[in-house]
Amino acid sequence: MIITFGSINVDFVYEVEEMPQPGQTLLAKGFRTEAGGKGANQALAAARDGAEVVMVGAVGNDSLAEIGLQNLATAANISRVARVDEPTGNASIHIDARGRNMIVVASGANLSVSSDAVEEDLLQQANVVLMQMENDVAEVEKLIRRASASKALSILTLAPAFPLSEKILSLCGLVVVNEDEAEALAGWLGCGASAAALSTRLGTGVLRTLGGDGAEACVDGDEIRVTALPIDVKDTTAAGDCFVGVLASALDRGLPLKAAMERASVAAGIACSRRGSQSSIPAAGETDRHPGLLALT
């Protein structure tokens, strides 16, 4: 079972030819509203890949809440999603013609989520605890400490990048960063930005996603590298979260790290080939049947 302690947002997605510059007004080619949030995206990706997932988060008492929960409600246990007076978290996402995105997030209700909502009995049942940085940092740190004392593998996606202490990061089973986040973390730690350099400095596992170049990880001195699918990128929104969620699902059911990374890379590639946030995340059967995964098995 996987516990996801994280954000639940509603995404306002604008399709543009080029990213807007300061002072510039653009006309979008398209617009849509979707469920999102790094926590919800990862939870949904894990659930669609076949895992039992408990989502711990918060939404507001507003009209956006139902949009934010519409996909999770059918795939995961949302009994620990609180309703609070703050507005439901939301994000403005611009996607250009090359599939790149630019995102601004308003945290809202996500900052009210307490780590106490992960009761001790629930924590002891979990194989994996997923966390990100779109909730109150102090609550994330509390859960990292508690998870480190349990049997669960704690996976922290350091996004948005925020300078946590080395001591806290070292308590995580696996720290996940993209290239920009790895550079920021390396700057804070005073070391190289590779997974191996970061892992050596922190004394724990580190996984760095590399976009079209795949992903690399270093755990206990063992280095792993996987390639990305060769795809026509339509939209990278939620692809990183898809990778982490499917990775967690694969680890939850006992796959070794390399096989889990390969599966996650294929699922994330499928997500990049589609437009949308949560709507782009594949089901387990789609990943199972994809030629990119079949070629690895």
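## Packing of α7 and α8

α7 packs against helix α8 (residues 195-202) at an angle of about 40°, with the axes 11 Å apart. Axes are lines fitted to C-alpha atoms, for helices over the stretch in contact, and angles run from 0 to 180 degrees between N-to-C directions.

α7 makes the contact (heavy atoms within 4.5 Å) through A182, L185, A186 and L189, and α8 through L198, R201 and L202. Six of the contact residues are nonpolar, none polar and one charged.

## Model and numbering

This is a predicted model: local features need pLDDT of at least 70, side-chain atom pairs count only at pLDDT 80 or more, and totals for chains, interfaces and linings use all residues. Residues are numbered from 1 along each chain as its sequence is written, and side-chain values use heavy atoms, without hydrogens and water.

## Largest pocket

The largest pocket has a volume of about 1300 Å³. A pocket is an open set of points on a 1 Å grid, where a 1.4 Å probe fits, with protein on both sides within 12 Å along at least five of seven lines; lining residues have an atom within 4 Å of a point.

The lining holds 49 residues, with N101, N178, T236, A239 and G240 nearest the centre. Elements giving two or more residues include β2 (9-15), α1 (38-48), α7 (179-189) and α10 (257-272). α9 gives the largest share, five residues. By class, the lining has 23 nonpolar, 17 polar and nine charged residues.

Notes:
Points joined across faces, edges and corners; volume = space filled by probe spheres on them. Helix = DSSP H or I, 4+ residues; strand = E, 2+ residues; numbered from the N terminus. Nonpolar A, V, L, I, M, F, W, Y, C, P; charged D, E, K, R; others polar.
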